Amino acid sequence: DVRLSRLELLGQAERALVLDEWNRTEAEYPADRCIHELFQAQAERTPDAVAVVHEADALTYRALNERANRLAHHLARLGVGPEVRVGICLERGVEMVVSLLAVLKAGGAYVPLDPAYSAERLAFLSADSAASVLLTQEKLRGLFAVGPGVHVVVQEEARAEVAAGSAENLASRVSPRNLAYLIYTSGSTGIPKSVAIEHESAVAMLAWAWSVYSAEELGGMLASTSITFDMSVFELFAPLTRGGRVIVVENALALPHSALADQVRLLDTVPSAAAALLKSGGIPPGVKTVNLGGEPLRAELVDALYAQGVERVYDLYGPSEDTTFSTYALRRPAGPVTIGRVLSNSRAYVADAALKPMPVGVTGELYLGGRGVTRGYLGRPGLTAERYLPDPFSVEAGGRMYRTGDRVRRKADGTLEYLGRLDHQVKVRGFRVEPGEIEAVLRGHEGVSDCVVVARAEAGEQRLVAYLVGEARAEVLRGHLRRSLPEYMVPAAFVALEQLPRTPNGKLNRGALPAPEPVSAEAGYARPRRPLEAALAEIWAEVLGCARVGVKENFFDLGGHSLQLVKVQARLRETLDRTVPIADLFRFSTVSALAEHLEGGEEGAGRGQAGAEGRRRRGRDRAAIRRARAGQGAGASVGATLKGDDS
């Protein structure tokens, strides 16, 4: 009611409480320093301490600083400096950390690019960010078709030249108000939007982390989040600016199989991944603190983590527009469900659409202010003005706040309770998804006349479902979507309708959308043709919960998603003694394609070292399958498949 929104709902005392007292979070932080400068200072204090490890690779602070300096000098010669964007598309490992630091040291801003994205998606992100330099690897170079004027630095090709450069810190002109990195989020208009984060905002968040997490916790930080996701900023730079150790793994579910698992003290991930780790018994006993963010945290998961022996479980909330984390709560067994209070140097307001503050216990929209509020959306001034508003409650001139679109209310103790979205934005396994972006791409196909995409809760997790009016087949639309969107934004199910259900006044009736039918792997079943295909088909069937899987079915078309893909990766390691990168599992998403890749493909068929390696791999696979046939070890279940006639 507009008239009600114009009323002053708070008395003077309560207004002072919700606007001032609960937002009194000022704390000192190094506002005059950049992220890389904090790291450099730490490298001088503890040069011989181990900074980052990945599998058998490890770098001390001195070595990491010198490696990053050499690459930074190379980037500076290519013109990288303040406000210059540098795309980074690398597999996870120490070189990824070196490259991120090098871009910052050169004064530039990094643009994270996931190797699992389609070539079309990568091309859009590279062009939209106006990246002038691209850092990548030889095996990933084919993913890019860069425009004129873009310098492509291939790791292997540039190694000698970079190594010959200076190991001294650069004197770049970058300031705390310069851009540090970009984070792309889903866009309701169909176009991804890039959040521009300055050094000062990130440093304020890091300073909060130093005050909350101990040296022991930061000394064993698991870095499992993709650099395209803003939680990675906390995982990498909170330890590296305070003498901690970063333990890089491909993803959180790879933790149980890592030789470094016993070194992990602080686990930072999304609730769905933590639940999967718990179910498999994959949380190492050394993990004493678990950070969970990206999606609502259920009390049952909190209780289960404490029962496992975890000592502290933090619920972390925050949009990328407010620099990773905005609020935090130390959740307790059987304790209240809350997202807690704001970080130091941050502010939170619960207000209505007219920016009138809401009383305690009354639902409103969450607005975030303070040092974490980012610059805005790169190249989108209209959208920035819509979501980033002048802060009418700030005592500082020029204060800004971000309008989150999240529904919350204050509890009597000042903590915040999350109640959902005001729009149709959803979280899927920690990823922020605007269904409107998916719908826009679907409507771009000539076989779709109308559509809507919703998230449905099934088996305790959110799944995207597309409802379509038109003649296009599901498999055609999946391919169409994958050319523009990351895999987590491709719906798990497609439902064909003659028309979308409407209310009497013509609005979409979301409550009348039917549940999708269960996915079946029986239609068009193609049986495995050789032992490796049979082994892979059994693993897929086990992970997906299907009776059987043919060699031509697409993993994602059968309802598979990234967390299940990690389970496939683990089963391949157990049964075939092969570690297959997640990016390869995304690329080779049918049994036949994956089998061909594992058997060597074009590289294995070649001559020289590549051919020899392909033959060695095939030999290992055959040996593992023979062990499985004999019922030895973890491969026994595969052996049963190989003996059956229906495989």
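The model is predicted. The protein contains 22 helices and 26 strands, and 57% of its 647 residues count as buried.

- Strand E12 covers residues 289-293, and five of its five residues are buried.
- In a regular strand the side chains alternate between the two faces of the sheet.
- In E12 both faces are covered: Thr 289, Asn 291 and Gly 293 are buried on one side, and Val 290 and Leu 292 are buried on the other.
- Strand E11, made of residues 266-269, pairs with E12 in the parallel sense over four bridges.
- Within this pairing, Leu 266 stands opposite Thr 289 of E12.
- Strand E13, made of residues 312-317, also runs parallel to E12 and is joined to E12 by five bridges.
- Thr 289 stands opposite Arg 312 of E13.
- Helix H11 (residues 271-279) forms a right-handed β-α-β unit together with E11 and E12.
- A right-handed β-α-β unit is likewise made by E12, helix H12 (residues 299-308) and E13.

**Cavities**

- Rolling a probe the size of a water molecule over the atoms shows where empty space is left.
- The structure holds two cavities of 30 Å³ or more, and the largest cavity has a volume of about 60 Å³.
- The residues that line the largest cavity include Ser 201, Ala 204 and Met 205.
- Also in this lining are Asp 322, Thr 323 and Phe 325, the run from Leu 343 through Ser 344 and Asn 345 to Ser 346, and the pair Arg 371 and Gly 372.
- Helix H8, which spans residues 199-212, gives the most to this lining, with three residues.

- Most residues other than glycine have a negative phi, and most peptide bonds are trans.
- Thr 323 is not a glycine, yet has a positive phi of about 60°.
- The position of Thr 323 is in the loop between E13 and strand E14 (327-331).
- Thr 323 counts as buried because its relative accessibility is 1%, and the cut-off for buried is under 20%.
- Thr 323 is also one of the residues lining the largest cavity.
- Ala 130 is not a glycine either, and has a positive phi of about 55°.
- The loop that holds Ala 130 lies between helix H6 (119-129) and E5.
- Ala 130 is partly exposed, because its relative accessible area is 45%.

- Thr 25 is in the loop between helix H2 (12-19) and helix H3 (35-45).
- Thr 25 counts as buried because its relative accessibility is 15%.
- A polar atom of the Thr 25 side chain lies 2.8 Å from the backbone oxygen of Ser 346.
- Apart from neighbours within four places in sequence, Thr 25 is in contact with Val 342, Leu 343, Ser 344, Asn 345 and Ser 346.
- Among these partners, Leu 343, Ser 344, Asn 345 and Ser 346 also line the largest cavity.

- Gln 137 lies in the loop between strand E5 (133-136) and strand E6 (151-154).
- Its relative accessibility is 10%, so Gln 137 counts as buried.
- The side chain of Gln 137 has a polar atom 2.6 Å from the backbone nitrogen of Glu 91.
- Beyond neighbours within four places in sequence, the contacts of Gln 137 are Cys 89, Leu 90, Glu 91, Val 154, Gln 155 and Glu 156.

- Asp 391 is located in the loop between strand E19 (388-390) and strand E20 (400-410).
- With a relative accessibility of 9%, Asp 391 counts as buried.
- Between a polar atom of the Asp 391 side chain and the backbone nitrogen of Phe 393 there are 2.9 Å.
- Leaving out neighbours within four places in sequence, Asp 391 is in contact with Arg 347, Tyr 349, Gly 369, Gly 399, Arg 400 and Met 401.
- Leu 355 is 36 residues away from Asp 391 in sequence, and the two are 9.7 Å apart in space, C-alpha to C-alpha.

Key
Residues numbered from 1 in each chain as written. Predicted model: local features only at pLDDT ≥ 70, side-chain atom pairs only at ≥ 80, totals over all residues. Heavy atoms only, no water. Buried < 20%, exposed > 50% of the residue type's maximum accessible area, 1.4 Å probe, protein only. Helix = DSSP H or I, 4+ residues; strand = E, 2+ residues; numbered from the N terminus. Pairing = 2+ DSSP bridges. Right-handed = clockwise from strand over helix to strand, strands pointing away. Polar contact = N/O pair within 3.5 Å; in protein donor to acceptor, adjacent residues only side chain to side chain. Contact = heavy atoms within 4.5 Å. 1 Å grid on protein atoms, 1.4 Å probe; cavity = no way out; pocket = protein on both sides within 12 Å on 5 of 7 lines; lining within 4 Å. Points joined across faces, edges and corners; volume = space filled by probe spheres on them.
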